[in-house]
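Please consult the sequence and model shown here alongside the text.

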Amino acid sequence: MLRLTLDALQVLDAIARRGSFAAAGEELHRTTSTLSYTVRKLEDDLGVQVFDRSGHRAVLTEAGRLLLDEGRAVLDAATAVERRVRTLGQGWEAELAIATNELVPVEAVLGVVNEFYAAGHPTRIRLLSEVLGGAWDALISQRADVALTEIGQSGAMGIAHRPLGAVSFVFAVSPGHPLAREPQPVKLSAVRRHRVVVVADSSRGLPPRSSGITSAADVLTVASLHAKLRAQEAGMGVGFLPTLLAADALAQGRLVALRVAAPKPRVHLSVAWRAHGAGPATLWFAERLQGLALG
């Protein structure tokens with residue numbers, strides 16, 4: 001049986017913050033003798049001295065300071081649990097999973113999550129980073145509650161969605177790559193003679209999709225758009241990159257943009273969620289995420 005109680009930790013915290021038993025008693029609406037009893041019982045139960053009473057004022061011992069530091073973390077956790085249980089009883093989800101297409105800047109998503117935290121909502125947030133059809137797959141397979149994703153022409157039963165915006169692409173190669181010397185617009189047949197860098201679809205249940213150039217002579221498959229960017233900067237292959245992602249590399253000369261005969265069309269993204277039974281956190285994010293800037 002635990003001998004350390006939340007009540008004792010609250011008393012210890014109040015004494016340390018207010019500087020005396022009397023001031024702590026005023027804050028907690030208890031008598032000084034009651035607080036003294038609580039502290040002595042705590043010391044007896046733990047077998048350590050929490051306060052040094054040899055001087056005019058009680059001073060925390062080394063054990064007391066350790067107990068105070070660790071105890072405050074326990075109090076914070078208990079307060080958070082109490083708040084979450086109380087608000088979850090009002091219908092808030094315990095956890096919300098948000099699947100984000102890698103085309104969406106993560107900084108923008110984190111900004112919305114930070115707003116959610118600042119508002120004091122209790123739901124725990126889990127972010128999933130997905131590629132190509134992965135965000136849609138996560139939503140319809142119920143691995144995610146909200147998704148920033150492309151929507152298929154037929155959509156899906158029970159999925160609500162609102163348009164978010166479109167992402168544009170640039171065909172980019174390292175300055176030393178042979179394609180950089182090709183006449184522009186570069187023909188697709190010329191592109192296909194070189195290694196193309198592609199990102200693997202993160203879908204689990206849907207047929208994997210490809211993006212960009214098909215039927216290339218050689219393909220390097222990577223797991224993320226940032227890995228694709230680095231591979232193309234290193235001259236390991238060529239391909240389309242989101243314009244925003246490639247902007248710094250293009251400005252600093254690590255990549256050059258080429259006009260190609262078959263440019264990649266813009267990708268239109270939406271905020272999507274399962275409409276049936278959507279809780280307050282789902283609806284909060286469904287609304288706020290519609291204001292994201294894609295670049």
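Glutamate 233 is buried, with a relative accessible area of 17%; buried means under 20% relative accessible area, exposed over 50% and partly exposed in between, with a 1.4 Å probe and protein chains only. The model is a predicted one, in which local features need pLDDT of at least 70 and side-chain atom pairs count only at pLDDT 80 or more, while totals for chains, interfaces and linings use all residues. Residues are numbered from 1 along each chain as its sequence is written, and side-chain values use heavy atoms, with hydrogens and water left out.

**Salt bridges**

- The structure holds 15 salt bridges, each defined as a side-chain nitrogen of Lys or Arg within 4 Å of a carboxyl oxygen of Asp or Glu.
- Glutamate 233 forms one of them with arginine 230, and the closest N and O atoms are 3.2 Å apart.
- Both of these residues, glutamate 233 and arginine 230, belong to helix H8 (residues 225-233) and are three residues apart, about one turn of the helix; helices (H or I, at least four residues) and strands (E, at least two) are DSSP runs numbered from the N terminus.
- Arginine 230 is partly exposed, at 48% relative accessibility.
- Aspartate 218 forms a salt bridge with arginine 195, with 2.9 Å between the closest N and O atoms.
- Because aspartate 218 lies in strand E9 (residues 218-222) and arginine 195 in strand E8 (residues 195-199), the pair ties together parts that are 23 residues apart in sequence.
- Aspartate 218 is partly exposed at 34% relative accessible area, and arginine 195 is partly exposed at 37%.
- Arginine 288 forms a salt bridge with glutamate 287, the closest N and O atoms being 3.7 Å apart; arginine 288 is partly exposed at 34%, whereas glutamate 287 is exposed at 52%.

**Aromatic pairs**

- There are six aromatic pairs in the structure; rings of Phe, Tyr and Trp (its six-membered ring) pair if their centres lie within 6.5 Å, and planes under 30 degrees apart count as stacked, over 60 as edge-to-face and the rest as tilted.
- Phenylalanine 171 and phenylalanine 240 form an edge-to-face pair, 5.3 Å centre to centre with 75 degrees between the planes.
- This pair links distant parts of the chain, since phenylalanine 171 is in strand E7 (residues 169-173) and phenylalanine 240 in strand E10 (residues 239-242), 69 residues apart.
- Phenylalanine 171 is buried at 2% relative accessible area, and phenylalanine 240 is buried at 11%.
- The ring centres of tryptophan 284 and phenylalanine 285 are 4.9 Å apart and their planes stand at 70 degrees, so this pair is edge-to-face.
- Tryptophan 284 is buried at 10%, as is phenylalanine 285 at 0%.
- One aromatic cluster is formed by Trp92, Phe116, Trp284 and Phe285.

**Nonpolar cores**

- The largest nonpolar core has 46 residues, and Phe171, Leu179, Phe285 and Leu289 have the most contacts inside it; such a core is a set of buried Ala, Val, Leu, Ile, Met, Phe, Trp, Tyr and Cys residues joined through side-chain atoms within 4.5 Å.
- Apart from this core lies another, of 17 residues, among them Leu12, Ile15, Phe21 and Leu75.
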